[in-house]
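Dear colleague,

Here is the structure for your files. My notes follow it.

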Amino acid sequence: MTSHRKHLVRDFNHFITCYICKGYLIKPTTVTECLHTFCKSCIVQHFEDSNDCPRCGIQVHETNPLEMLRLDNTLEEVIFKLVPGLREKEQQQEVEFWRRNKSKESPDEDGPICKEARVDEEDDVKGGGDYHRSDPQIAICLDCLLNNGQMGENIVKGLMKKCIRCSTRVTVGTIKKFLSLKLKLPSSFELDVLCNGEIMGKDHTMEFIYMTRWRLRGENGYPMVLEYRPRIDFG
């Protein structure tokens, strides 16, 4: 009769721990150039000072290594199954982080931000159902950015209510749909969404932008500002 060896979590530690912090991988994020994986917060912080992979030393990107990162949701699920209680611990820490951030943004419980629109309540955007209703929320200010003579400025206007609150998992693509609905733009009309003057990719989540483009510039304590404009084709 064949005996089966019982594997312990530590047998897999080499595959599920972060090279930078030495802890279990939290939101495991892979560098697409070399396929090394780290905690998202660890590798994002590392790329603030370096363009090289911390493990193998390869140059990830000449100017913007953050564009070469991809979340590994499958690995995240494997780690949560291997390590009892890890998922619950991280969810609680995430909720506490965004609760602290919310209190900084709006000291008054019923402040003006809370009275504004919510992206996840727009049925035409979410397609029905409670879209990320239980997720941590983030306050965002949507500013219209127009230059004199820019194409499309006659139909792209500022919103009556610029401040919104939405899930931290909402993507730029969803924000664009929200803006198109509110501004009644033609279906073929394209928008750019920017943070600190940099165009954001459609798959970037609000959490990713907050952590990599907003919080690290010392702007925490205020609603995150995203600007939008007619798409500029650089050809």
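Lysine 184, with a positive phi near 55 degrees, comes directly after helix 6. This is a predicted model, in which local features need pLDDT of at least 70 and side-chain atom pairs count only at pLDDT 80 or more, while totals for chains, interfaces and linings use all residues. Residues are numbered from 1 along each chain as its sequence is written, and side-chain values use heavy atoms, leaving out hydrogens and water.

The chain has 7 helices and 9 strands (DSSP runs, H or I of at least four residues and E of at least two, numbered from the N terminus). Of its 235 residues, 41% are buried. Among contacts (heavy atoms within 4.5 Å) with a separation of 6 or more, 62% join residues 24 or more positions apart.

The lining of the second largest pocket (residues with an atom within 4 Å of a pocket grid point; 1 Å grid, 1.4 Å probe, open set with protein on both sides within 12 Å along at least five of seven lines) includes Thr29, Lys40, Asp203 and Phe208. Strand 3 (residues 69-71) gives the most to this lining, with 3 residues.

Regards

Notes. Buried < 20%, exposed > 50% of the residue type's maximum accessible area, 1.4 Å probe, protein only.
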